[in-house]
Amino acid sequence: MAMKLGHTHDGLDLNHDINVTPFIDVMLVLLIIFMVAAPLATVNVPIDLPVSTAQAQPQNDDPIILTLSKSLTLTIGNDPVARTELATRLKERTKGDANARLFLRADKGVSYGDLMGLMNDLRDAGYLKVALVGLDDKGAAQ
């Protein structure tokens, strides 16, 4: 004759073990998803920056246009300027207004580092409103 000790009053035994297998399965699936998706989040797409489809913004009567040529020569309007004289010439042209909007044009052949160097020079001179000028998408198709 067998006897069972430790019965609960309803006749069911309590199970104190937690089944973590479904939790581990979900975590492994999430890990695989993130391992596949993480390399896709980086940008490795070659782009051609000078073409833009943005709507043209209204311009003032006398825009200040800076041009950085492929040979890294800099001009304000049609006047060549040395990089060391940039801040002084801009202050003359803007009458000391550091809030004036500058339009920056750069040749396709200019490296990104050289363009960022010019942007840093403009920031150091106090000019923070810089608009990058690109070809209109319609103009590029012609």
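Trainee: What is the mean pLDDT of the protein?
Mentor: This is a predicted model: local features need pLDDT of at least 70, side-chain atom pairs count only at pLDDT 80 or more, and totals for chains, interfaces and linings use all residues. Numbering runs from 1 along each chain as its sequence is written, and side-chain values use heavy atoms, leaving out hydrogens and water. pLDDT is the predictor's confidence in each residue, from 0 to 100. Here 70% of the residues reach 70 or more, and the mean is 77.

Trainee: Where is confidence lowest, and where is it highest?
Mentor: Compare the elements, which are DSSP runs numbered from the N terminus: helices (H or I, at least four residues) and strands (E, at least two). The lowest mean, 53, belongs to helix α4 (residues 137-141). The highest, 90, belongs to helix α3 (residues 112-124). So the answer is lowest in α4, highest in α3.

Trainee: Over residues 43-49, how many contacts reach beyond near neighbours in sequence?
Mentor: A contact means heavy atoms within 4.5 Å. The pLDDT is below 50 along residues 43-49. Beyond near neighbours, the model gives this stretch a count of one.

Trainee: Which strands each supply at least two residues of the lining of the second largest pocket?
Mentor: A pocket is an open set of points on a 1 Å grid over the protein atoms alone, with protein on both sides within 12 Å along at least five of seven lines; lining residues have an atom within 4 Å of a point. Of the 11 lining residues here, the closest to the centre are Arg105, Ala106, Asp107, Val133 and Leu135. The strands asked for are β2 (64-68) and β5 (102-106).

Trainee: How many salt bridges does the structure hold?
Mentor: A salt bridge puts a side-chain nitrogen of Lys or Arg within 4 Å of a carboxyl oxygen of Asp or Glu. Glu85 meets Arg89 at 3.8 Å. Asp124 and Arg123 also pair, with their closest N and O atoms 3.8 Å apart. Asp121 with Arg83 is included too, at 2.9 Å, and the total is three.

Trainee: How many residues apart in sequence are the parts tied together by Asp121 and Arg83?
Mentor: Asp121 lies in helix α3, and Arg83 in the loop between β4 (79-81) and α2 (86-94). The pair therefore ties together parts whose separation in sequence is 38 residues.

Trainee: Is Asp124 buried or exposed?
Mentor: Buried means under 20% relative accessible area, exposed over 50%, and partly exposed in between (1.4 Å probe, protein chains only). Asp124 has 59%, so Asp124 is exposed.

Methods:
On a 1 Å grid over the protein atoms alone, a cavity is a set of points where a 1.4 Å probe fits but cannot get out, and a pocket is an open set with protein on both sides within 12 Å along at least five of seven lines; lining residues have an atom within 4 Å of a point.
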